[in-house]
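Let's take a friendly tour of a protein model, starting with the whole chains and then zooming in on a few spots. Keep the 3D view open as you read.

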Amino acid sequence: MTDTYLHLVNSGFTKKLAKQLGLPRPAPLRRHRAGDPLVDGPVLVIGLGGQDGASTPQPDADALAQLLAGTGDTPGWDLDIHRHVATTETVKAVVLVLSDVEHPDGLAAPVAALAAVLRRLAPGGRVVTISRTSTADDAPAVAAARQGVDGFLRSLAKELRGGATANGVVLAEGVDVLAPSALGALRFFLSTRSAFVDGQLLEIGSDAGTFPADWEVPLSGRVAVVTGAARGIGAAIARTLARDGATVVVVDVPAAGEALARIANEVRGTALQLDITAEDAGQRMLEHALGRHGHLDIVVHNAGITRDKLLANMSRDRWEAVLAVNIAAQLRINEALLTSGDFTDQPRIVSLASTSGIAGNRGQTNYAASKGGVIGMARATAPLLAAFGGTANAVAPGFIETEMTARIPAVTRQIARRLNSLQQGGLPEDVAEAVAFLASPAAGGVVGRVLRVCGQNLVGA
Amino acid sequence: MPAARREPATPTRTPTRRAAVIGGNRLPFAKVGGPYRDSSNLDMLTAALDGLVARFGLQGERIGEVAAGAVLKHSRDFNLTREAVLSSALASETPAYDLQQACATGLEAVVGLSNKIRLGQLDSAIAGGVDSASDAPVAVSDGLRRALLTFARARSSRHRLAALAGVRPADLAPSAPTTAEPRTGLSMGEHQALTTAQWGITRAAQDEIALLSHQRLAAAYDAGFFDDLVTPYRGLVRDQNLRADTSAEKLAALRPVFGTHLPTPATMTAGNSTPLSDGASTVLLGSEEWAHAHALPVLAYVVDAEVAAVDFVHGKDGLLMAPAFAVPRLLARHGLTLADLDFLEIHEAFASTVLTTLAAWEDTAFGRERLGLDAAFGTVDRNRLNVNGSSLAAGHPFAATGGRLVATTAKLLAARTAETGRPARALISVCAAGGLGVTAILEAA
């Protein structure tokens, strides 16, 4: 499962050779460890294009800068915030506030300010745009400017090197730039938690959500169920949720019980051996969580299977097995959760989709149908939870280094790894970080969305 | 003391406090030489404990005491249970002790710890048992052992040489453990063959018990009954001995292996006898307060237990017939009859062990002369007997069987009570080498 190529092009003689040959040189990505600082270096907040002209400060940027620096009365994030940078200084992150841009012409000044510092963006640096959703109700010029950010951001992400990423926070109409989810998403994108998230724009639909008492353990006091938790991405999700303070119930089929017990003991949670396709799976999860831990707040639908075949050769069994596990079980469990009356304290449902469900994948008509289904389900389930401050969202992993992808033939695997802006496969913990963010209290304004963890995979937009 | 002389007491007499069965965990039982052949007793007991910890969220918890044992035990494993605790996710401050009572080890561990809980000595406890027929200790002969010990004590080369010179070629043969009774030299199977013949148990009746055991265990697995009782180990997900597809014809085709030189027809086959097995089991026990404080369920209570032994050496009773005496005494103490039991778990050492026990209880002469009753002790409703299969299908790692029985029974009781709203009651009976028998009553919460 290790990416030998990545190690070779980053060390010793082979590093030099790769450089001379002009081979792609993916950078080792830094991942979050408990206690790491949010950003370990200067953060530049660019906010130009206020109402008084293209080069005047922008109020959203001022408000953000104040909070990030921790100046003023409110406790902030204690970042090293700069509004201008000397030409020789390295920058760790740039927040590009474009929320007030009302005409494509208004992009020029802030983008130029960003361009001026890009060469001094540190390895593993971050660019995060803050913009507003483009809708049909907007004036054409406003809509053009807002939609323009989308194309700009995705292109910029493809230009960044050295493990740097660019992502965007997109505020729906009326959502404040300091709304919990806007700040939660900004924090996620700035941090090493989003190491393998690149070129993504996440819409903040509302002001809902609450700030955690402690950003280090945002899930403190929350009880989470993670399905398919015995290995791979599910195990990483269990570990990450536990690290973020949650009490975790790990669920997997009885046959995976040995690995499941190991994870349960590692995260100091409880193991529930359960086939999620059972009629009463949802009730049994609830019963276990309520009985042992008093409540249930987060459900992560991670369990999934593949039964790949070209459609012409696909037996009905293979089709039905994948749909049963990957989507029908989730629908049935959600129904049980929603009707129970016990899933009402800012509940969170996070489902694992896949870039296959967005872009399609040859040989995976069944899998892609199920994963596309997950995306639709999340979108339609979110409104049902809104009354309780709840959300449903999906995370779509791209190429992740797991037991599953380790079985891909070597050459195909090497190519698949490089087909994204970060030129490498992600790790299970990268997916887990995105899940943990969407499960957090601060993400209450992210409703029915899909967050891709794919290093900006070249396929599937 | 004959059962009939006792005054009946109230059925649910409660001592100072009750000992609750909270749940259990075991490994799927494997055949000898199967997937656990390279696993030691310590490995398996640790795995069974860790599965229990995972199921009930006991990581880092200081349990009052853990008691477990193994029948086939290496001398280096003198502190097996404590070592397993130290290897597990439990708090290292959890005390432990080993015990051994042949095949009744696991049940006796439950009984002993329950009594400590009832007396207030413990708030929580884990009973367990483990056995590996694959990794059984093989000892050197007494002659070689003495020579080696003398050699080790010798101070000079001459004495060392002298010590080794005493070794005879015959001393070099290793002595492997057997199931032979030390006092009779007969294997357990041959002993049971005598009892089978004495009670006239037919081959067909034994095969029927075996078939039911497989069918019922398979059905219970299919229904998900073991989802929260068993944790897979080393790739084994269900009991390896379980044959869901066995049939009366297949069982009838097997060659008898025990009692082949008795004057009566030999009836005991590999199909209606338990195989040598590897595995481990654990049971979580606690006071009601402890269970409540830890938000853990109470499935059942351990009400009482009775042990018995028979004089098999002089042929007065069959080697495995002790429970036939223990159960009437136990039930009489509580004013109960067989009809008052919702479930009976009678360990299937052999199909005929169950049948000879039932036959003795139905026999008027046995009831009058041996049990001191006015008539036969009674008839067991077969629909209440080993309802989810037993050792013939699951296998029988000697010390692990008690834990399997207690956890299974407790779950059955809880389910029955949830269904009927009336506290259900069960009997557990385990026969053991040495003419021993341990029996217990469990009642639903």
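## Surface and ground rules

Accessible areas here come from the Shrake-Rupley method with a 1.4 Å probe, and for residues only the protein chains shown count as cover. By that method chain A exposes about 18,400 Å², with carbon and sulfur atoms supplying 54% of it. For chain B the accessible surface is about 17,700 Å², and 53% of that belongs to carbon and sulfur atoms.

Keep in mind that this is a predicted model: local features need pLDDT of at least 70, side-chain atom pairs count only at pLDDT 80 or more, and totals for chains, interfaces and linings use all residues. Residues are numbered from 1 along each chain as its sequence is written, chains are lettered from A and ligands numbered from 1 in the order in which they are written, and side-chain values use heavy atoms, leaving out hydrogens and water.

## Chain A as a whole

Chain A has 15 helices and 13 strands. Helices (H or I, at least four residues) and strands (E, at least two) are DSSP runs, numbered from the N terminus. Its C-alpha trace spans about 60 × 55 × 45 Å along the principal axes. How does the radius of gyration of chain A fit with a compact globule? A compact globule with 461 residues would have a value near 23 Å, and chain A agrees with its 22 Å. This radius is taken over C-alpha atoms, and the globule rule is 2.2 Å times the number of residues to the power 0.38.

Of the 461 residues in chain A, 54% are buried. Buried means under 20% relative accessible area, exposed means over 50%, and partly exposed is in between (1.4 Å probe, protein chains only). Now for contacts, meaning heavy atoms within 4.5 Å: among those in chain A between residues at least 6 apart in sequence, 74% join residues at least 24 apart. As for charges, chain A has 42 positive and 44 negative ones, and their mean positions are 11 Å apart. Lys and Arg count as positive and Asp and Glu as negative, while His and the chain ends are not counted; each charge is placed at NZ of Lys, CZ of Arg, CG of Asp or CD of Glu.

## Chain B as a whole

Chain B has 14 helices and twelve strands. Its radius of gyration is 22 Å, close to the 22 Å that the globule rule gives for 445 residues, so chain B is as compact as a globular protein of that length. The C-alpha atoms of chain B fill a box of roughly 75 × 60 × 45 Å along the principal axes.

Buried residues account for 58% of the 445 in chain B. Of the contacts in chain B with a separation of 6 or more, 80% come from residues 24 or more positions apart. Chain B carries 42 positive and 44 negative side chains, and the centres of the two sets are 6 Å apart.

The arc is that of the directions from the helix axis to the C-beta atoms.

In α14(A), Arg413(A), Arg417(A) and Arg418(A) are buried. Seen down the axis, the buried residues of α14(A) fall within an arc of 130°, so they line one face of the helix. They pack against α1 (4-8) and α13 of chain A.

## Loops on either side of α14(A)

Gln424(A) sits in the loop between α14 (410-418) and α15 (428-439) of chain A. Is Gln424(A) buried or exposed? Gln424(A) is buried, with a relative accessible area of 3%. Leaving out residues up to four places away in sequence, Gln424(A) touches several residues, including Asp3(A), Phe196(A) and Arg417(A).

Arg407(A) is in the loop between α13 (403-406) and α14 of chain A. Arg407(A) counts as exposed, at 65% relative accessibility.

## Two positive phi values

Most residues other than glycine have a negative phi. Asp78(A) has a positive one, near 55°, and lies in the loop between α3 (59-69) and β2 (80-82) of chain A. Asp78(A) is exposed, with a relative accessible area of 65%.

In chain B, Ala295(B) has a positive phi near 50°. Look for Ala295(B) in the loop between α9 (288-293) and β9 (300-309) of chain B. Ala295(B) is partly exposed, at 30% relative accessible area.
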